[in-house]
Amino acid sequence: MHHVAARLIGRIPKVEVALERDAAMAALAPHQFNLLREQGLGSFPLVTAEQVHGNHVTFVGEPSASPIPNSDGLLTGVRGITLGISVADCAPVWLVAKDGSAGGLLHSGKKGTELGIVPEGIRSLCSMTTLSPKDLILVIGPCIRPPCYEVDFAAEIRRQAHEAGMTDILDECICTACHPERYYSYRRELGLTGRMLATLTLLPR
Ligand SMILES: [Zn+2]
(Lines give C-alpha, C1' and ligand atoms only; values in the text may rest on other atoms or scores of the structure.)
Protein backbone atom coordinates (compact mmCIF):
# COMPACT_ATOMS: atom_id res chain seq x y z
CA MET A 1 0.00 0.00 0.00
CA HIS A 2 1.81 3.09 -1.22
CA HIS A 3 1.31 6.81 -0.84
CA VAL A 4 -1.26 6.47 1.90
CA ALA A 5 -1.02 7.57 5.55
CA ALA A 6 -3.40 5.96 8.05
CA ARG A 7 -3.21 7.08 11.68
CA LEU A 8 -5.01 6.62 14.97
CA ILE A 9 -4.40 9.28 17.59
CA GLY A 10 -5.21 7.65 20.91
CA ARG A 11 -5.47 9.02 24.43
CA ILE A 12 -3.61 12.25 25.09
CA PRO A 13 -3.03 12.06 28.87
CA LYS A 14 -2.39 15.76 29.46
CA VAL A 15 -5.82 16.78 28.16
CA GLU A 16 -8.76 16.77 30.59
CA VAL A 17 -11.58 14.92 28.84
CA ALA A 18 -14.10 14.00 31.56
CA LEU A 19 -16.56 16.16 29.65
CA GLU A 20 -19.47 15.96 27.24
CA ARG A 21 -18.60 15.03 23.66
CA ASP A 22 -18.35 18.49 22.08
CA ALA A 23 -16.29 19.97 24.92
CA ALA A 24 -13.93 16.99 25.01
CA MET A 25 -13.43 17.10 21.25
CA ALA A 26 -12.80 20.85 21.31
CA ALA A 27 -10.15 20.37 24.03
CA LEU A 28 -8.47 17.58 22.06
CA ALA A 29 -8.57 19.09 18.56
CA PRO A 30 -5.48 21.34 18.72
CA HIS A 31 -3.40 18.56 20.32
CA GLN A 32 -4.52 16.04 17.72
CA PHE A 33 -3.66 18.44 14.92
CA ASN A 34 -0.22 19.05 16.49
CA LEU A 35 0.42 15.30 16.48
CA LEU A 36 -0.59 15.09 12.81
CA ARG A 37 1.76 17.98 12.08
CA GLU A 38 4.64 16.23 13.89
CA GLN A 39 4.04 13.25 11.61
CA GLY A 40 4.34 15.40 8.51
CA LEU A 41 0.60 15.60 7.89
CA GLY A 42 0.08 19.19 9.04
CA SER A 43 -0.26 20.75 5.62
CA PHE A 44 -3.30 18.73 4.60
CA PRO A 45 -6.79 20.05 5.36
CA LEU A 46 -8.70 17.81 7.78
CA VAL A 47 -12.26 16.92 6.75
CA THR A 48 -14.49 15.37 9.40
CA ALA A 49 -18.03 13.99 9.46
CA GLU A 50 -21.05 14.83 11.59
CA GLN A 51 -21.33 11.15 12.68
CA VAL A 52 -24.94 10.33 13.48
CA HIS A 53 -24.57 6.53 13.82
CA GLY A 54 -26.09 6.09 10.37
CA ASN A 55 -24.92 4.37 7.18
CA HIS A 56 -24.50 7.29 4.82
CA VAL A 57 -21.09 7.79 3.22
CA THR A 58 -19.98 10.92 1.39
CA PHE A 59 -17.38 11.42 -1.30
CA VAL A 60 -14.98 14.20 -0.33
CA GLY A 61 -13.69 16.12 -3.33
CA GLU A 62 -12.47 19.28 -1.64
CA PRO A 63 -11.65 20.66 1.82
CA SER A 64 -14.58 21.49 4.11
CA ALA A 65 -14.30 23.66 7.22
CA SER A 66 -17.44 22.18 8.79
CA PRO A 67 -18.12 18.47 9.39
CA ILE A 68 -19.84 16.74 6.44
CA PRO A 69 -23.51 16.54 7.52
CA ASN A 70 -25.42 13.28 7.98
CA SER A 71 -22.34 11.17 7.30
CA ASP A 72 -20.56 8.37 9.13
CA GLY A 73 -18.20 7.57 6.31
CA LEU A 74 -15.90 9.62 4.11
CA LEU A 75 -14.41 8.46 0.82
CA THR A 76 -11.95 10.17 -1.46
CA GLY A 77 -9.80 9.80 -4.51
CA VAL A 78 -8.27 13.23 -4.01
CA ARG A 79 -4.68 13.46 -2.81
CA GLY A 80 -3.67 15.87 -0.05
CA ILE A 81 -6.86 15.82 2.00
CA THR A 82 -6.98 14.11 5.43
CA LEU A 83 -10.21 12.33 6.28
CA GLY A 84 -10.97 12.18 10.01
CA ILE A 85 -13.39 10.05 12.03
CA SER A 86 -13.73 10.31 15.82
CA VAL A 87 -14.31 7.21 17.92
CA ALA A 88 -14.40 5.95 21.50
CA ASP A 89 -15.56 2.28 21.41
CA CYS A 90 -17.13 2.37 17.93
CA ALA A 91 -14.77 0.94 15.31
CA PRO A 92 -12.74 3.09 12.96
CA VAL A 93 -12.61 1.17 9.67
CA TRP A 94 -10.08 2.05 7.01
CA LEU A 95 -10.80 1.05 3.44
CA VAL A 96 -7.86 1.55 1.10
CA ALA A 97 -7.15 0.66 -2.52
CA LYS A 98 -4.01 -1.49 -2.73
CA ASP A 99 -2.67 0.82 -5.45
CA GLY A 100 -3.19 3.85 -3.18
CA SER A 101 -5.57 5.50 -5.66
CA ALA A 102 -8.56 5.88 -3.33
CA GLY A 103 -9.70 5.20 0.20
CA GLY A 104 -12.22 5.80 2.89
CA LEU A 105 -12.77 5.90 6.60
CA LEU A 106 -15.94 4.61 8.26
CA HIS A 107 -17.46 4.93 11.74
CA SER A 108 -18.99 1.54 12.50
CA GLY A 109 -20.25 0.91 16.02
CA LYS A 110 -23.11 -1.36 17.05
CA LYS A 111 -25.74 0.75 15.25
CA GLY A 112 -23.71 1.62 12.16
CA THR A 113 -22.72 -2.02 11.76
CA GLU A 114 -26.37 -3.12 11.99
CA LEU A 115 -27.18 -0.53 9.32
CA GLY A 116 -24.35 -1.82 7.12
CA ILE A 117 -22.12 1.21 6.76
CA VAL A 118 -19.13 -0.97 5.88
CA PRO A 119 -20.74 -2.76 2.88
CA GLU A 120 -22.17 0.62 1.87
CA GLY A 121 -18.65 2.09 1.94
CA ILE A 122 -17.24 -0.80 -0.08
CA ARG A 123 -20.02 -0.50 -2.70
CA SER A 124 -19.64 3.27 -2.94
CA LEU A 125 -15.86 3.22 -3.22
CA CYS A 126 -16.04 0.61 -5.99
CA SER A 127 -18.81 2.43 -7.84
CA MET A 128 -16.91 5.74 -7.89
CA THR A 129 -13.74 4.06 -9.18
CA THR A 130 -12.82 1.10 -11.37
CA LEU A 131 -11.83 -0.88 -8.27
CA SER A 132 -13.41 -4.16 -7.18
CA PRO A 133 -13.66 -5.37 -3.55
CA LYS A 134 -10.61 -7.59 -4.07
CA ASP A 135 -8.56 -4.48 -4.88
CA LEU A 136 -9.20 -3.10 -1.40
CA ILE A 137 -7.72 -3.63 2.06
CA LEU A 138 -9.95 -3.21 5.11
CA VAL A 139 -8.51 -2.53 8.57
CA ILE A 140 -10.57 -2.56 11.77
CA GLY A 141 -9.05 -0.39 14.50
CA PRO A 142 -9.42 -0.52 18.29
CA CYS A 143 -13.05 -0.78 19.42
CA ILE A 144 -14.96 -2.27 22.33
CA ARG A 145 -15.33 -6.05 22.18
CA PRO A 146 -16.50 -9.02 24.22
CA PRO A 147 -16.26 -9.59 27.12
CA CYS A 148 -16.22 -5.81 27.76
CA TYR A 149 -19.27 -5.43 25.50
CA GLU A 150 -22.05 -7.87 24.75
CA VAL A 151 -22.12 -7.32 20.98
CA ASP A 152 -19.20 -8.45 18.77
CA PHE A 153 -19.72 -5.89 16.02
CA ALA A 154 -16.09 -6.20 14.88
CA ALA A 155 -16.78 -9.84 13.98
CA GLU A 156 -19.88 -8.71 12.09
CA ILE A 157 -17.80 -6.11 10.18
CA ARG A 158 -15.37 -8.87 9.14
CA ARG A 159 -18.29 -11.02 8.01
CA GLN A 160 -19.86 -8.15 6.06
CA ALA A 161 -16.60 -7.32 4.29
CA HIS A 162 -16.12 -10.96 3.35
CA GLU A 163 -19.68 -11.17 2.08
CA ALA A 164 -19.08 -8.02 0.02
CA GLY A 165 -16.30 -9.85 -1.80
CA MET A 166 -13.24 -8.62 0.07
CA THR A 167 -10.33 -10.92 0.83
CA ASP A 168 -7.85 -8.64 2.61
CA ILE A 169 -9.48 -7.99 5.97
CA LEU A 170 -7.23 -7.06 8.88
CA ASP A 171 -8.33 -6.83 12.50
CA GLU A 172 -5.78 -6.46 15.29
CA CYS A 173 -8.54 -7.36 17.76
CA ILE A 174 -7.70 -4.57 20.20
CA CYS A 175 -10.36 -3.69 22.80
CA THR A 176 -10.58 -0.03 23.80
CA ALA A 177 -12.03 -0.78 27.25
CA CYS A 178 -9.14 -3.13 28.09
CA HIS A 179 -6.48 -0.44 27.50
CA PRO A 180 -7.56 2.83 29.19
CA GLU A 181 -3.97 4.10 29.18
CA ARG A 182 -3.97 4.10 25.38
CA TYR A 183 -7.59 4.64 24.31
CA TYR A 184 -10.79 6.38 25.28
CA SER A 185 -13.74 4.13 26.08
CA TYR A 186 -17.20 5.68 26.17
CA ARG A 187 -18.62 2.69 28.01
CA ARG A 188 -15.83 2.24 30.54
CA GLU A 189 -15.75 5.97 31.29
CA LEU A 190 -19.55 6.22 31.49
CA GLY A 191 -19.96 8.65 28.62
CA LEU A 192 -17.63 11.36 29.86
CA THR A 193 -14.44 10.91 27.87
CA GLY A 194 -12.49 11.99 24.83
CA ARG A 195 -12.49 10.68 21.28
CA MET A 196 -9.67 9.10 19.31
CA LEU A 197 -9.04 10.60 15.89
CA ALA A 198 -8.64 8.13 13.04
CA THR A 199 -7.27 9.62 9.85
CA LEU A 200 -6.60 8.64 6.26
CA THR A 201 -4.59 10.71 3.80
CA LEU A 202 -3.84 9.93 0.17
CA LEU A 203 -0.40 11.51 0.02
CA PRO A 204 0.63 13.64 -2.94
CA ARG A 205 2.66 11.45 -5.30
ZN1 LIG B 1 -12.02 -5.31 26.64
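Residues count from 1 along each chain as its sequence is written. The model is predicted, so to speak on these terms: local features need pLDDT of at least 70, side-chain atom pairs count only at pLDDT 80 or more, and totals for chains, interfaces and linings use all residues.

**Exercise 1.** Work out which strands stand at the edges of the open four-stranded sheet.

*Solution.* Start with the order, E1-E10-E5-E2, with mixed pairing. Strands here are DSSP E runs of at least two residues, numbered from the N terminus, and two of them pair if DSSP finds at least two bridges between them. E1 (4-9) and E2 (46-48) each have a single partner strand, so one side of each lacks a neighbour in the sheet. Next, look at E1 with E10 (residues 196-202): they pair antiparallel over six bridges, and Ala6 has Leu200 as its bridge partner in E10.

**Exercise 2.** Decide whether Gln51 is buried or exposed.

*Solution.* Find Gln51 in the loop between E2 and E3 (57-59). Then apply the cut-offs: buried means 20 or more other C-beta atoms within 10 Å, exposed 12 or fewer, partly exposed in between, with C-beta atoms placed from the backbone. Gln51 has 21 such neighbours, so Gln51 is buried.
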